Amino acid sequence: MSEAAAQPVRRHGLNVRICHWINVIAVGYLLVSGVHIFLDFPELYWGKVGFRGHPAAFRLADWGISWEQAGAWGDRRWGRNYHFTFAWVFVLNGLVYVAWSLARRHFRRRMLPGRDPAPAVGGAPTPRYRTAQGISYLTMIFVVTPLMFLTGIAQMPAFTAIAPWLIDLFGGRQTARTIHVILTAIFVLFALVHVGQVIATGFLRNVRSMITGRAPLPQE
Ligand code: HEM
């Protein structure tokens, strides 16, 4: 590693670091609690109607896990408590992150491709993400997460009572639920690739930069 490349540069602002770690905790709880909820009713349907025995889009039983076994693993009460608690944390944290980042022009400077390089802050330039990485972050933030939120509240009678169009938007509560689970798989895939890249480009250095804000850049 050359002298210049080893110099720490400013990589993440305070808002990104705070919101990132809150998000890790919230999504972790949402995933585990969501799996508990799902195990309590391990079939998915399209449309407005769904019950045990109805033609299903997905049945865990087809994968060798019986309804009874899934029910024994899943704790729906625990799942719902934590899911609804951390859904608020996730959504509020996400709103703070987006508002703060828009104010600092973070998306434009670091994620949108084809823009001018980010200006130097505190002497060292803040590097831009690669195109594929920037676009995948923007897709998670502005497409997948809002859809996750909408398909989540479309399953809540308290919300659909005041906004019945939410059910029609997805063509039924069962469809909303099935899309919510498909989006969960996308979240898991994103997290696996994301953590894989963090490991591949220097785990400790990357984690350090997400805690302190500064660290040497990975080598090309
Ligand atoms: C954006 C905020 C979110 C809201 C408002 C929300 C809301 C909901 C609701 C209302 C349910 C149905 C609960 C029930 O019927 O008892 C649910 C289930 C579920 N959620 Fe979320 N959720 C959110 C985010 C997430 C995230 C980020 C993940 C995963 C990373 C996730 C994964 C799941 C899973 C796997 C289920 C089980 C599906 C089922 O069997 O009904 N959710 N969610």
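## Exercises on a predicted model

In this predicted model, His 54 sits in the loop that runs between strand S2 (43–44) and strand S3 (58–59).

### Exercise 1: a loop residue

Solution. Next, look for its contacts, which, once residues up to four places away in sequence are left out, are with Tyr 45 and Val 49. Finally, compare His 54 with Gly 74, which lies 20 residues apart from it along the chain, and find that their C-alpha atoms are separated by 21 Å.

### Exercise 2: helix H4 and what follows

Find the span of helix H4 (76–103), list its buried residues, and examine Arg 105, which comes just after the helix.

Solution. First take the length: H4 has 28 residues and reaches 40 Å from its first C-alpha to its last, close to the 40 Å expected at 1.5 Å a residue. Then pick out the buried residues, which are Gly 79, His 83, Phe 86, Ala 87, Phe 90, Asn 93 and Ser 101. These buried residues pack against H2, helix H5 (106–111) and H6.

Now move past the end of the helix to Arg 105, whose place is in the loop between H4 and H5. Arg 105 has a positive phi of about 55 degrees although it is not a glycine. Since 13 other C-beta atoms lie within 10 Å of Arg 105, this residue is partly exposed.

### Exercise 3: the largest nonpolar core

Which residues make up the largest nonpolar core, and which elements give two or more residues to it?

Solution. The core has six residues in all, namely Ala 26, Val 27, Leu 30, Phe 86, Ala 87 and Phe 90. The elements that contribute two or more residues to this core are H2 and H4. To see how one member is placed, follow Leu 30, which, leaving aside its neighbours within four places in sequence, is in contact with His 83, Phe 86, Ala 87 and Phe 90. As background, nonpolar side chains in soluble globular proteins tend to be buried together.

### Exercise 4: the shell around the ligand

How many residues surround the ligand, which helices supply at least two of them, and how do they divide by class?

Solution. Counting gives 24 residues around the ligand, and the closest are Leu 30, Gly 34, Phe 38, Phe 149 and Gly 152. At least two residues of the shell come from each of helix H2 (14–40), helix H4 (76–103), helix H6 (131–153) and helix H9 (173–200). H2 gives the most, with seven residues. Sorted by class, the shell has 16 nonpolar, six polar and two charged residues.

### Exercise 5: helix H9

Which residues of H9 are buried, and what covers them?

Solution. Reading along H9, the buried residues are Arg 173, Gln 174, Thr 175, Ala 176, Arg 177, Thr 178 and His 180. What covers these buried residues includes S2, H6 and helix H8 (165–169). Just after H9, Gly 202 takes a positive phi of about 105 degrees.

Conventions
Residues numbered from 1 in each chain as written. Predicted model: local features only at pLDDT ≥ 70, side-chain atom pairs only at ≥ 80, totals over all residues. Near = placed C-beta within 6 Å. Helix = DSSP H or I, 4+ residues; strand = E, 2+ residues; numbered from the N terminus. Nonpolar A, V, L, I, M, F, W, Y, C, P; charged D, E, K, R; others polar. Contact = placed C-beta atoms within 7 Å. Expected span 1.5 Å × (residues − 1). Buried ≥ 20, exposed ≤ 12 C-beta atoms within 10 Å, placed from the backbone. Core = buried A, V, L, I, M, F, W, Y, C linked by C-beta atoms within 7 Å.
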